[in-house]
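Here is a short briefing on one protein model. Look at the sequence and the 3D view first, then read the notes by topic.

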Amino acid sequence: MTVWDEVVGQSPQIGPLRAAVDDPGSMTHAWLVTGPPGSGRSYAARAFAAALQCDRGGCGECRECTTVLAGTHADVTLVATEKVTIAIQEVRDLISRAASAPSGGRWRVMVVEDADRMTERTSNVLLKSIEEPPPRTVWVLCAPSPQDVAVTIRSRCRIVGLRTPDPVDVARLLVERDGVEPELARECALAAQSHIGVARRLARDPAARARRDQVLALATEIRGVGDAVLAAADLVEVADDDARAATEERDALERAQLMTTLGVEDGSRMPPALRAQLRQLEEDQKRRATRHKRDVLDRAITDLMSLYRDVAVAQTGAAVDLVNVAHEGHVRELATRTALADTMRCLDALGTARERLAGNVAPLLALEAMALDLRPRTAVRR
Ligand SMILES: [Zn+2]
């Protein structure tokens, strides 16, 4: 498989990137790869970086390709933040790195995966380097949409807009690359609504599928106020556990590394002069955990929305595929038990909860209000 084969379902979209690899005359020094979450924009950026370093335009097998994809190539810098914003100092460091010529490769490639997480001030710092890059330096920024980056930045970038891939293409990737059984691959690609990363996690991790099923079960379990409050608390707990599992080990490792860098022996007291550094690390880690938790909750709400969307499809008799094929019985049951107006009201409640979470409302409050709105209103229709 070449590096491009894994950029699923985007052949026309990535044409300009491939052309720039083949013909230096069509190279641009600043690119902005956009696309909805899970469309593979950061993968496309890496594939481009690999293809630029590879003798064969991205064979996927040579040392250049594999080290770029693994994030260890000396001339390719990958920046993926898990914080809410990219710090101005990080961008200054990137710029000084971007200024040096490539050490062995053909290009120095700077990939910023979350370019939408820069404040305006930080963007302005970056702008100078993008406007007048060194001759062998290429910037590749990624963001959900062009509107998510400062207009000054995007007006200087060539934009590559990815689309949501077809679930059929995502399923094929899971089968070909991950060896997933075709039927499970299709089910997971649909359930993930073509989000490649989510589809793969669902396909490979039965626990992730079970967690998702648990979230979807809420749609039928919430009957009264008591159920709603409990369901909200459960969701927050699942998100907390998930965040802890995802960050704990890494936090400890980072702490140990910092202690070594500062020359503090394990188990000994931290000299007061060095405490500020430790505090900074702890704050960063806390922010990262908060972001992870919010992402998990957002995913849970998106999953519930997909279920109500299926219910609406069943209620209106629209001739489109269900997202939750494995839950068809459950969907049909809800569709007969409730009216379309209820389904729309539930979708609204879920949308509001997403907005509240994004607006930093305490998660438990946002979810309680949501769960209360998911209670059935109309009497059972028969
Ligand atoms: Zn290669």
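Ile86 is buried, because its relative accessible area is 3%, under the 20% cut-off. The residue sits in the loop between strand 2 and helix 4 (88–98). The model is predicted, so local features are given only where pLDDT is at least 70.

**Around Ile86**

- Leaving aside residues up to four places away in sequence, Ile86 touches Thr81, Val91, Val112, Asp114, Arg117, Met118 and Thr122.
- One of these contacts, Arg117, lies 31 residues from Ile86 along the chain.
- The C-alpha atoms of Ile86 and Arg117 are separated by 5.7 Å.

**Helix 3 and its cover**

- Helix 3 spans residues 63–70, and its buried residues are Cys65, Thr67 and Val68.
- Helix 2 and strand 2 (76–79) are among the elements that cover these buried residues.

**Aromatic rings**

- How many aromatic pairs does the structure hold? There is one.
- The pair is Trp31 with Phe48, and it is edge-to-face because the ring planes stand at 70°, over the 60 degrees needed. The ring centres are 5.3 Å apart.
- Trp31 belongs to strand 1 (residues 30–34) and Phe48 to helix 2 (residues 41–53), so the pair ties together parts 17 residues apart in sequence.
- Are Trp31 and Phe48 buried or exposed? Both are buried.
- Another ring, that of Trp107, has the charged end of Arg136 over it. The distance from that charged end to the ring centre is 4.3 Å.

**Overall fold**

- The protein has 15 helices and five strands.
- Its radius of gyration is 23 Å, close to the 21 Å that the globule rule gives for 382 residues, so the protein is as compact as a globular protein of that length.
- The C-alpha trace spans about 70 × 55 × 40 Å along the principal axes.
- Of the contacts with a separation of 6 or more, 72% join residues 24 or more positions apart.

**Burial and surface**

- Among the 382 residues, 46% count as buried.
- The accessible surface comes to about 18900 Å². Carbon and sulfur atoms account for 51% of that surface.

Methods:
Residues numbered from 1 in each chain as written. Predicted model: local features only at pLDDT ≥ 70, side-chain atom pairs only at ≥ 80, totals over all residues. Heavy atoms only, no water. Phe/Tyr/Trp six-rings, centres within 6.5 Å; stacked < 30°, edge-to-face > 60°. Helix = DSSP H or I, 4+ residues; strand = E, 2+ residues; numbered from the N terminus. Buried < 20%, exposed > 50% of the residue type's maximum accessible area, 1.4 Å probe, protein only. Lys NZ or Arg CZ within 6 Å of the ring centre and 35° of its normal. Rg over C-alpha atoms; globule rule 2.2 N^0.38 Å. Contact = heavy atoms within 4.5 Å. Areas by Shrake-Rupley, 256 points an atom, 1.4 Å probe, with all protein chains shown as cover.
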